[in-house]
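Look at the chain below before reading on. The paragraphs that follow go from single residues to the chain as a whole.

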Amino acid sequence: MLPTKRDIHTLSQKELIAWLSQRDIASFRAEQIRRWIYSGQADSFDEMTNIKKDIRGLLSEHFTIPRLSVVTTENSRDGCVKFLFEMSDGHRIESVLIPERTHDTLCISSQVGCAQGCRFCLTAHMGFIRNLTAGEIIGQVRDIKNMLGKQNQLTNIVFMGMGEPLANYENVRKAIDTFVDDTAGLGFSPRKITVSTSGLVPRMHDLGHDSQVQMAVSLNAVDNDTRTRLMPINKTYPIETLLETCWTYPFAPRRKVTFEYILMKGVNDSESHALKLAKLLKPAKAKVNLIPFNPHEGCDFERPEESTVLKFQKILLDRNYTTNIRLSKGTDISAACGQLRAKAGSGV
């Protein structure tokens, strides 16, 4: 029985150097190989013409350069494109390309399903199936850049798709290292990468120490009773613990912690909630993204009136918080925040 070949995307540059050195191959080859894969979008080792034929043959014996299988793409009226990918084991994930005025943002997944059980999120209905490998995380970005071709203006990556990124920390960290590598990776600025978390406190500081990417915290309530009903993780890491971690997070200079606050009618959207939120966030400068709830099948929550959202925003603005209303894109194709489910999550 032939040994299973390994997805080369799962190797960091350091790991690839170690593999090559064990075979008496010079370390500079690792950078050449990765440049072919990430800048050159190579699909086979035979394309790597500045690498000796015997090295290419050795690489082909042990590794593959796979692409994720595109099951479907859906185009929204507002320009968003949702990609349904199938992986080698038949499980499926979704990624969403979001066009902005001057650039594109890609929302990517880190897990098949999610274990966090947030009541307002459709992905939670899948339950947790498995973590994505570093290669499957990287593949979403590499493959979509390849599909865009000359039209590529992808500059931003957000880990806001399926799954809790910090629950798959090592693979997410390895993928980020490849994303920000500007010599032998995909060359994204760390400032243009955002990792969104429901509040997995032990890993939040790890992220700050291991990278310079942005962090966004999904808060969604101003008291523990409400947040626990919405987000079971609050039982383990209540608001006080979560905020203390945010205030001590090792941010780069001039960067702020970002809080995401999904507004749900009659649940967390009153003026008193806004005032309490302003008080909670007072210990440090913070940025708040207000996200009016995106309805989906089987959910009891409702989207608040626009006037309610604007009042909520004004209260925060009047207290000098940077506060944006994040207009959800892709709602007509179920590609907006909280609407990803990957069509039952599996093709098997």
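Does Thr-228 count as buried, partly exposed or exposed? Thr-228 counts as partly exposed because its relative accessibility is 23%, where buried means under 20% relative accessible area, exposed means over 50%, and partly exposed lies in between (1.4 Å probe, protein chains only). The model is a predicted one, in which local features need pLDDT of at least 70, side-chain atom pairs count only at pLDDT 80 or more, and totals for chains, interfaces and linings use all residues. Residues are numbered from 1 along each chain as its sequence is written, and side-chain values use heavy atoms, with hydrogens and water left out.

Thr-228 belongs to helix α7, residues 224-230. Helices (H or I, at least four residues) and strands (E, at least two) are DSSP runs, numbered from the N terminus. Apart from neighbours within four places in sequence, Thr-228 is in contact with Asn-234 and Lys-235, contact meaning heavy atoms within 4.5 Å. Pro-238 is ten residues from Thr-228 in sequence, and their C-alpha atoms are 8.0 Å apart.

Gln-313 sits in helix α10, residues 306-318, and is buried, with a relative accessible area of 15%. When neighbours within four places in sequence are left aside, Gln-313 is in contact with Leu-290, Thr-323, Asn-324 and Ile-325. Asn-168 is in the loop between β9 (154-159) and α5 (169-180). With a relative accessible area of 3%, Asn-168 is buried. Not counting residues up to four places away in sequence, Asn-168 touches Ser-110, Gln-111, Asn-131, Leu-132 and Ile-137. One of these, Leu-132, is 36 residues away in sequence but 7.7 Å away in space, C-alpha to C-alpha.

Helix α2 covers residues 28-38, and its buried residues are Arg-29, Ala-30, Gln-32, Ile-33, Arg-34, Ile-37 and Tyr-38. An α-helix has 3.6 residues a turn, so residues three or four places apart point the same way. The buried residues of α2 pack against α1 (13-21), α3 (53-62), α4 (134-148) and α5. In the loop between α1 and α2 lies Asp-24, which has a positive phi of about 60° although it is not a glycine. Asp-24 is exposed, with a relative accessible area of 77%. Gln-41, in the loop between α2 and α3, is also not a glycine and has a positive phi, near 55°.

What does the whole chain look like? The chain has ten helices and 14 strands, and buried residues make up 53% of its 348 residues. Its radius of gyration, taken over C-alpha atoms, is 21 Å.

In soluble globular proteins, nonpolar side chains tend to be buried together. Here the largest nonpolar core has 93 residues, and Phe-120, Phe-159 and Phe-179 have the most contacts inside it. A second, separate core has five residues, among them Cys-80, Val-96, Cys-107 and Val-158. Such a core is a set of buried Ala, Val, Leu, Ile, Met, Phe, Trp, Tyr and Cys residues joined through side-chain atoms within 4.5 Å.

Note on methods. Rg over C-alpha atoms; globule rule 2.2 N^0.38 Å.
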